[in-house]
Amino acid sequence: MGQFGFTGLVCGLLLSLAAAEDGFAGWLRYAPIPCDTSCLQRLPSKLTLLNATTGSPIETAGLELISGLQSIFSQNLTTTQSRCDESSSILVATVEDFRHECNATTAIPELVQDGFWLRSTGSSVQILGQSARGALYGAYEYLSLLAQGNFSHVAYSSNPHAPIRWVNQWDNMDGVIERGYGGLSIFFKNGRVVDDLAPVKQYARLLASIRINGLIVNNVNANATLLSAENMRGLGRIADVCRPYGVRIGVSLNFASPETLGGLDTFDPLDATVVNWWNNITNSLYEHVPDLAGYLVKADSEGQPGPSTYNRTLSQGANLFARALQPHGGILMFRAFVYDSNLNESDWKADRAKAAVQYFKNLDGEFEENAVVQIKYGPIDFQVREPVSPLFANLFETNTAIELEVSQEYLGQQNHLVYLPPLWKTILNFDLRVDHKPSLVRDIISGERFNRTLGGWAAVVNVGTNTTWLGSHIAMSNLYAYGRLAWCPTDDSERILHDWTRLTFGTNSQVINTITNISMASWPAYEQYSGNLGIQTLTDILYTHYGPNPASQDNNGWGQWTRADHETVGMDRTVGNGTGYTGQYPTEIAQRFEYLNSTPDDLVLWFHHVPWTHRLHSGKTVIQHFYDAHYAGAETAQTFVSQWESLRGLVDKERYDAVLDRLVYQAGHSIVWRDAVNNFYFNMTGIPDQKRRVGQHPWRIEAESMELDGYRLYTVSPFETASNGTAIVTSSNSTTGTARTTLHFPASTYDIGVNYYDMYGGESHWTLSLNDQVVGEWIGNMRNHTLGNSVSIYLDGHSATRVIFRGVKVQKGDELKIVGRPDGVEPAPVDYVVLLPSGVVD
Ligand code: GCU
């Protein structure tokens, strides 16, 4: 485990223990900080733990403190027998034990479940939890301060925003993770729980350090075989590994299990045999996992079975599980992601966004007290911009939780840096004005607004076996921030990032500022180049949810429509003339979105169907905004590369290179996005870009215009994912192709980019030469190995990518040549070559 850092300040002993910066330690690196004798004297040297029973979070807190202080300062804590010793000591206990055993009268502010009190006067530190779990959180807080070089004297209590702070893993029993971009499952393989749970232990540790207290281990599209006797034992082992970290596990259930696994002839939630079957299953589960957090259920959604099969309501379905859990104190999370995926676009009033309220509003008050309706932040599906789900304003006697997605399914799948807290905050801070009173989403999910006792947070995380967990070092800021916000949603996005960066990359201010700048610009940039004005992420919703494919949104039953045509675009969701969706919000909000003049630009196409020439509040037309935003977003993404390069030498090479690779890829793919979306709508509307950029590429050479030998033209679909709609592929899958051209650009130094397609199922090889001198060569293996996104077997917006060779001297009349050697099904495809003079982005 890589706990030791790269600063070079460690002594010989530690150096020999130093592990690679492969990301496995996440933000818990405890990197060494120089500390001389007087500094060491100001640190505690002893550790007192009250009731550190084996496997308890108190014991874990002690182990973390010992290894943390050793790793950061080479300070060896000695465990004291003298109870309640305060001098030069860290005391860790629950408040109750502290009061009882230490006869203490210290005034400690009131702590709620999982809360903690931290007092440090330098060498004397008190960490007291409302529970053992809270004490562990306090220990992590203290270590986080130290690891960031913060030696302040502090005295404060900290309480959670909500009791439910869970993560969801969409791991399948075969080990594949649905919408996971960091490798295979750390929990399952070949239908059973894996033997080696060391990564699970480290995951639990990371989760505990950000105060996550629940972990759903399997996919919401659940497989009933999880409930086999063998797998229940496996779940017991997972729980044993997580328990010392105060992380309780839970499982996703398949509604039809009584039939498919239990052999009953029904799964009707009101049938006594079914009720009995679930009660027995639940009792057995609790025998293996006595502290099971509960269940997560996706029912009647996207083909999953549910109570509708028997004409039962969703609440009747939910209560079946809630009641089974009640004797054990478990929680049922019931997903609100229920909608008809066979809508008819020719029906102007059809609207998937209305579904959650339509299904759940009338059931308000019918759910058991230990049931929580888990609601995705927006009414569609984790899009780059959505208004808040109106369901939050329609359930008053039902517990609710928000569902976020750390895994960047529609947001670049961890190949694009997109720091998500600013997006999440548009939802959390949204005031729904229920009954004309302040009704912030964050106050609704905490239970505060409607006086609910239960509520909180879930996030789809999908870490995998990749040592970086999510497939990308910098994507981990999203997981860290999720935990921070679930504890305290008013925490500032930038400050969270600062903390994460210090812990992950060290305290150098240039590193912190650069990562902050890049990260804070990343969601706005991604929105700009992937789908703006509330049209949603214009990705391929029918295939991988990754690259651009605007046409895929329409003419199908999924209801993620743009309704774009030659003259108009956007969903009319007004009550006056549209789907009536705005009417699902409380009056003040409904009124705001009902009218164009009060709808903010960034959601205009979500709520209104307008001409492309409609003028926004910004003064631009919709189409010109599209063009400009896509150019601006892609331009911003190019700057990520140069900003990151300013950190060469300040970040260890392993992570520097890995992050750079991804940012270079993102810069190239952002151009693919930009051109695809702009070309698509330019083609549809015929409205030229006022700045004459769209379709104009003076520095490009189309591959199809080159002299070809062994290459042939290929019409790419969708057309907009190739420059000029056409690429070249080798004439056969086994013979090499050559494309040459004479350059007529002015003599200068250029960055030469080659746009090509890196498909799944082959690793082609390309060579770029100038006058037969090799400029560079590359292999099409990103999809197969390096990147974590969903793969594509086609030439399209997912496989389209760019390789770039910097600072190449070019003379007029030079011959440029590309030689492509196909491999497998990948015919060494090339789209175009671009020669970029300094400062030109294209
Ligand atoms: C999205 C996602 C699916 C997932 C579903 C869900 O549609 O693409 O993979 O199963 O959400 O949240 O249930």
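Helices (H or I, at least four residues) and strands (E, at least two) are taken here as DSSP runs, numbered from the N terminus.

## Model and domains

This is a predicted model, in which local features need pLDDT of at least 70 and side-chain atom pairs count only at pLDDT 80 or more, while totals for chains, interfaces and linings use all residues. Residues are numbered from 1 along each chain as its sequence is written, and side-chain values use heavy atoms, with hydrogens and water left out.

The protein is divided into domain 1 (3-158), domain 2 (164-505), domain 3 (507-549 + 615-684) and domain 4 (700-836), with bounds that come from an automatic or database domain assignment.

## The largest pocket

A pocket is an open set of points on a 1 Å grid over the protein atoms alone, with protein on both sides within 12 Å along at least five of seven lines, whereas a cavity is a set where a 1.4 Å probe fits but cannot get out; lining residues have an atom within 4 Å of a point. Grid points are joined across faces, edges and corners, and a volume is the space filled by probe spheres set on the points.

The largest pocket has a volume of about 670 Å³, and among the 32 residues that line it, Glu 141, Arg 211, Tyr 480, Arg 484 and Asp 499 lie nearest its centre. At least two lining residues come from each of α5 (132-147), β6 (154-158), α14 (476-487) and α15 (493-505), and α5 gives the largest share, seven residues. Because domain 1 (3-158) and domain 2 (164-505) both contribute to the lining of the largest pocket, this pocket lies between them.

The structure holds five cavities of 30 Å³ or more, and the largest cavity has a volume of about 110 Å³. Its lining consists of 13 residues, with Ala 336, Phe 337, Ala 356, Gly 378 and Pro 379 nearest the centre; α11 (355-360) and β14 (371-376) are the elements that give two or more residues to this lining.

The second largest cavity has a volume of about 80 Å³, and of the 13 residues that line it, Gly 23, Gly 26, His 473, Thr 504 and Arg 655 are the closest to its centre. At least three residues of the lining of the second largest cavity come from each of domain 1 (3-158) and domain 2 (164-505).

## Domain 2 and domain 4

The centres of domain 2 and domain 4, taken over C-alpha atoms, are separated by 42 Å. Four residues of domain 2 are in contact with four residues of domain 4, where contact means heavy atoms within 4.5 Å.
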